[in-house]
Amino acid sequence: MSTPPPTTEPQTAASDLPSQRPPHGPDIAKVRAAVRGGVLAYFVDQYDIYLPIVVVAPAVIYFQAADLSASTTALLSSLVFASTLVGRPLGAVIFGHFADTVGRKRTTLVAVGGFGVTTLLIACLPGHETIGTWSIGLLIALRFVDGIFLGGEYTTAVPLAMEWSPRHKRGLFASIITATSPAAYAVIAAVTLLMLQLLNSDGLHSSYVQWGWRVPFLIGALLAAVLFRYYLKQVHEPPAEMISDRHKLPFARLLGRYPKALGQVFILMTGTWLATNMQTAVTPAQLKDHLHLSSEQVTLTMLVINAAAALSFPVYGVLSQRIGRRRFYMGYGLAVLVVGSGAYTVLMASNGGLGAALGWGVLMGVSTIGTFGPIAAYLTERFPTSVRSTGYGVGYSLALIAPAFYQFYLEQLGGFMPAHFAPALLIALAGVLISVGGFLGPETKDVDMADDTTIPALS
């Protein structure tokens with residue numbers, strides 16, 4: 001084996017991964033099953049994540065007192081979303097540990113079962129009229145628990161899919177998996193739009209507010225059951241020789257041996273999540289409050305934006321496979337800084353109705369969340385076998401925390417600039433973080449994940 005480059009830290013040797021060579025024989029079926037499982041798992045995960053933003057928004061009065069101020073209502077609504085995001089790093093640590101020590105498949109099954117049950121419980125919650133402030137409190141608490149299980153699910157399922165993927169297709173397969181994130185948002189928006197068309201949503205006792213919002217949550221619980229069965233019947237653990245280099249305390253090893261790698265990923269992912277929250281969580285509210293679009297128009301706009309973003313992800317994944325992950329992230333961060341923040345600014349200044357929202361919104365969408373295109377490949381390539389699930393999950397999730405409190409940052413920025421333009425500043429900051437994060441990291445697209453000596457994890 002050739003001597004690793006000077007920037008490469010010596011790693012503990014791991015057994016050879018057949019997945020890094022063109023699969024032959026029965027392995028082809030296992031590759032396909034693992035990738036399909038990753039696609040389905042990520043879709044279900046992202047569907048569940050965005051439920052409160054899209055589905056609960058038209059029915060927020062069900063969980064809160066009617067006499068609350070607009071700012072308090074916005075704060076509580078953001079906490080529902082933030083509680084899920086805060087729970088995910090904890091889930092990544094817990095489930096990443098078992099994925100790296102016990103096995104990817106078994107850990108995935110536990111995580112999927114957990115968030116399926118939690119989502120079902122949320123669908124059964126009584127409202128403020130029945131139990132008072134306990135209603136919003138239970139919603140926030142259950143979303144926190146949901147976040148723990150969701151953080152565990154992608155921490156195990158995505159590395160498993162990438163470990164089975166051949167090296168030259170990791171960028172494409174990763175982008176197909178992560179494209180399900182905006183696709184899931186679009187599906188939720190479509191379901192919600194249909195519900196709003198069929199059901200009355202005006203007032204506390206309207207059909208949508210009382211029970212219509214529950215339907216997408218029930219669908220989420222059903223999707224979790226389908227995912228559980230698929231993993232149980234179809235997906236295989238990587239062979240023992242693929243992941244023979246185990247460690248009793250992968251999280252401690254991650255912090256002790258790879259702090260710079262984790263720090264670099266943290267910078268990149270902080271920018272990624274900050275940009276994502278501005279697009280998925282803040283934009284719908286601004287479309288309604290500032291541009292005065294109806295609930296149906298807002299839902300339609302977000303559906304189109306995220307459908308376009310989903311179509312762009314495979315392009316970004318293939319591009320990163322050709323030019324390299326490092327160059328891709330450095331360049332895309334600049335696109336977020338200039339194009340993403342610029343498109344959002346023009347959108348807020350346009351007051352052009354639904355047409356302007358769709359046009360500028362699509363440009364903003366493909367220029368803010370495309371970081372996710374090759375992210376599944378990049379983060380699994382970034383860490384060696386012994387800490388791969390833990391490194392992927394913690395790196396992906398830990399950066400969620402600071403961006404999760406976006407509402408507080410926006411309120412502070414609103415003190416010296418128009419509130420509807422404040423998100424553009426955070427999008428620009430996100431672009432800087434993405435470019436810096438990409439610059440600080442090594443190139444990973446050609447690493448052999450079977451061989452720890454080729455994993456460029458910095459000390």
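1. In helix H1, the residues Asp45, Gln46, Ile49, Tyr50, Pro52 and Ile53 meet Val80, Phe81, Thr84 and Arg88 of helix H2; contact means heavy atoms within 4.5 Å. By class, this contact holds 6 nonpolar, 2 polar and 2 charged residues. Ala, Val, Leu, Ile, Met, Phe, Trp, Tyr, Cys and Pro count as nonpolar, Asp, Glu, Lys and Arg as charged, and the others, Gly among them, as polar.

2. The model is predicted: local features need pLDDT of at least 70, side-chain atom pairs count only at pLDDT 80 or more, and totals for chains, interfaces and linings use all residues. Residues are numbered from 1 along each chain as its sequence is written, and side-chain values use heavy atoms, with hydrogens and water left out.

3. H1 (residues 27-56) and H2 (residues 70-101) pack at an angle of about 150°, and their axes are 7 Å apart. Axes are lines fitted to C-alpha atoms, for helices over the stretch in contact, and angles run from 0 to 180 degrees between N-to-C directions. Helices (H or I, at least four residues) are DSSP runs, numbered from the N terminus. H1 and H2 are therefore roughly antiparallel to each other, a term for angles over 145 degrees.

4. The whole structure contains 9 salt bridges, each a side-chain nitrogen of Lys or Arg within 4 Å of a carboxyl oxygen of Asp or Glu. One of them joins Arg143 to Asp48, with the closest N and O atoms 3.0 Å apart. This pair links distant parts of the chain, as Arg143 lies in helix H5 (residues 134-164) and Asp48 in helix H1, 95 residues apart.

Notes
Helices (H or I, at least four residues) and strands (E, at least two) are DSSP runs, numbered from the N terminus. Angles under 35 degrees count as roughly parallel, over 145 as roughly antiparallel, 65 to 115 as roughly perpendicular and the rest as oblique.
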